[in-house]
Amino acid sequence: MAPAEHSKSPNRVGECNAAWFRTWQSEPRQRRGVCVSTLRRYAIGLLAAGGFLQSLAALAVDRKDQVIFELPKALEDPPNFNWYFRAPNGEARRENGALEAMWEPLFLFNYQTGKLDPWLADSLTLNFKANSADPDVWTLNLRHDVKWSDGTPFTAEDVVFTATMVLKFDLPALEAVTFRAQVDHVTLVDNWTVTFTLRKPNPRFGLENFGAPMFGSFLIVPKHIWEPQNFKSTEDVRNFKFSNPIGTGPYKFENAATTVAESTSASTAAGSPVLTFGNTTGISNGMTAVDVTSPNAILNGSMVQSVTATTVTLNSAVRTTVGSGDLVHFVSRTTSVTWTRDDNWWGAKVDPATHKPVFKALPGPLQLVWQVESSPIDSTTHLIANDIDAARPYSFADFTDAKSQNAKIVGWDSALPLAWNDPCARQIEINTQPPTNQAFIDPIFRKRYQMASPADPALSIAKVRQAISYLIDRAKVAHDAYSDTTKPSKTMFAEYGAMKPFVDAVVNANFGLEAIADPAQADSLLNQAGFTKNAADHYYHDAAGAILSATLRVNSSVATDVAAANALGAQLNAAGVKIAVESIPKNEFWGHVVPTGDYQMIYGWMSCGSVGEPYTSMSRYSADNIAALGYRSPGLNNTGRWDTPGEENYSAIVAAFGKQASVDPTQVVQAYKYLHDEMPFIPVVQSPTIVPFNTTYWIGWPTRGGDTVPMTGWESTLRLLFELKKAN
């Protein structure tokens, strides 16, 4: 289209992004041609400006063959698929479909069985020497038929290359840090076999590194692409963007789409940062300007700083004159990433002997899109309109509102509690240390704090902590704060199928928690601890007349946590314990309050960790994790500073079964007795996550009792992709 033609319409927003692609089949032919022309010119302009050309292949896929996942956070621009480093501003680097569809793990954790289901690997065997100080040696056996999406065989050399690189360089991704802390060296045995020699015995090595029980696992990179980069330093690895990524998964990278606004400029002299237009509809701050007509006029990377009805001010002056009638594109950040099914995926190859796929049949969707929704309102609007298939986690109110407008929207369960249990069950953490007037300078916040350890020494008394637990009506907290989308916790553990033997054992030993309050039992315990209820103010007082009181701190950024803390405060105040609820900004809550023990009580999730075995959560309260008040607890463990002879006994039992490849529930009961008797923390409710799915185009979404989980930003989504079937 010539510049003269644009003078009739001085501004047009080209919706040439994933949302536009989805309407391709239903749009008028004239609009299709205009937008394709826009994309082509945009590509030419970007090439001239040093950018990259986007693929148009996505235009050929019908909406009913796509699955569109919401991404509630910004995408990196341009995308960077080097998973060893975080994006500079917290943007999505892996959870844009790369983690879920392009990469594949060695194993996938099964939440029902607690086992590692083989994927790229067949087995991981522990060669454990009983009563030996020698490090563990684990043997990994790979499948023999896996290929990267470019056809190169996936072998043990890829695993050894990846592991060696992680051991050599200080790569900051959590999975790399975990692996480096545990592994001493790795050995190539043959094309399909690798051994890992650990620094010290760890029977959970496979689960902690290769199982993806939460978010992701240690991913293997293609040696034939990464090795030629000849990395000499950590910074060299950081600078490799892996911008044309390949994986072994069933989907291949197609494109990263952006939104384009375009206008015809009036004359702008060289050296001025202000461009003048007939109108500026669709142009917004942060967009990048590209002069398509005169590619050298605008500096590469010039961004919009401000917009009026007729002018756009850039963050840098134009290089040469922008001529009257020049076509200028304003490009947003990346708004979606598209992945196309690889019909040559290794797992779907037919075995000539069985006439069946060697691993799995191809997943149904021809294309997957991870699309940024900038706000909860955008999310619900597009979910209701069938423009996305899987949304971000919703509140109960937002979920019920969306479902009332579109009956095709479903959740984890059709009845209450309809939420999936997040791995991090909610609880009250109690500072068990006696009072102190210690003041100190926090080294992170560089701020002087006066320690807020228990104002009343009562919280250091086990019977008082037990009594507080008995005063809590967990079922009412679930109702008042979570609209009955969750259920009361029986123990410290998240209640998955794999955890059921341990939860049941604790409950059967009478160490479990009741859903409703028991004021009589609480009153008895408080009387034994020297507290009686005052008839005048209805609060418990000690012998000196002091009211039993505490402040309950909570992370202000989580609305349901604040609601739960307020519900708990109301219950305990009504029952006779004076509680003040204090909301703390997120950064200060996690950056200072929790790790230094600067609290009397907090509402949070400090037992988080165990999803298939009990050790991970229980070890968080071991003696090894005790730090003095004011000093940071390692790994945010035992932040309440539980430090008694009972805790030492507890730690010894946990340490003993922590060395075992499997744990007998009776061992858990032996340790849990000390948690029950001393109550260093109080489990309250399971942590509900409501993820809505739209069944207009696809069914087979995660439901209660199935093997998939509804966390579509996690690696476990890979399992879900094979469960999806067309609705019609």
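Start by selecting Tyr 84: leaving out residues up to four places away in sequence, Tyr 84 touches Thr 162, Met 165, Val 166, Leu 171, Pro 172, Ala 173, Ala 176, Leu 219, Val 221, Trp 226 and Val 237. Contact here means heavy atoms within 4.5 Å.

Before going on, a word on what you have loaded: this is a predicted model, where local features need pLDDT of at least 70 and side-chain atom pairs count only at pLDDT 80 or more, while totals for chains, interfaces and linings use all residues. Residues are numbered from 1 along each chain as its sequence is written, and side-chain values use heavy atoms, with hydrogens and water left out.

Buried means under 20% relative accessible area, exposed over 50%, and partly exposed in between, with a 1.4 Å probe and protein chains only. Helices (H or I, at least four residues) and strands (E, at least two) are DSSP runs, numbered from the N terminus.

As background, nonpolar side chains tend to be buried together in soluble globular proteins.

**Two threonines**

Next, go to Thr 139 in strand β6 (residues 137-142). Thr 139 counts as buried because its relative accessible area is 15%. Draw the line from its side chain to that of Asn 127: this is a polar contact of 3.1 Å. A polar contact is a pair of N or O atoms within 3.5 Å; within protein, one must be able to donate a hydrogen and the other to accept it, and residues adjacent in sequence count only if both atoms are side-chain atoms. Beyond its neighbours within four places in sequence, Thr 139 is in contact with Ser 123, Leu 124, Thr 125, Asn 127, Thr 193, Val 194 and Thr 195.

Then jump to Thr 486, in the loop between α13 (474-482) and α14. Thr 486 is buried too, at a relative accessible area of 7%. Its side chain reaches the backbone oxygen of Gln 686 at 2.8 Å. Setting aside neighbours within four places in sequence, select Pro 417, Asn 421, Ala 478, Val 685, Gln 686, Ser 687 and Pro 688 to see what Thr 486 contacts.

**Positive phi**

While you're in the loop between α13 and α14, click Ser 483. Its phi is near 55°, a positive value in a residue other than glycine. Ser 483 is partly exposed, with a relative accessible area of 31%.

Asn 638 has a positive phi as well, near 45°; look for Asn 638 in the loop between α18 (615-618) and α19 (645-657). Asn 638 is buried, since its relative accessible area is 2%.

On to the second largest pocket, with about 630 Å³ of space. Centre on Gly 114, Lys 115, Pro 203, Leu 207 and Ala 661, the closest to its centre of the 26 residues that line it. On a 1 Å grid over the protein atoms alone, a pocket is an open set of points with protein on both sides within 12 Å along at least five of seven lines, whereas a cavity is a set where a 1.4 Å probe fits but cannot get out; lining residues have an atom within 4 Å of a point. Grid points are joined across faces, edges and corners, and a volume is the space filled by probe spheres set on the points.

Which element gives the most to this lining? β5 does, with four residues.

**Two cavities**

Finally, the structure holds two cavities of 30 Å³ or more. For the largest, about 70 Å³, show Phe 511, Leu 513, Tyr 672, Leu 675, His 676, Met 679, Pro 680, Phe 681 and Pro 683. α20 (665-678) and β27 (681-689) are the elements giving two or more residues to this lining, and α20 has the largest share, three.

For the second largest cavity, about 30 Å³, select Trp 103, Glu 104, Leu 120, Trp 148, Ile 220 and Thr 248.
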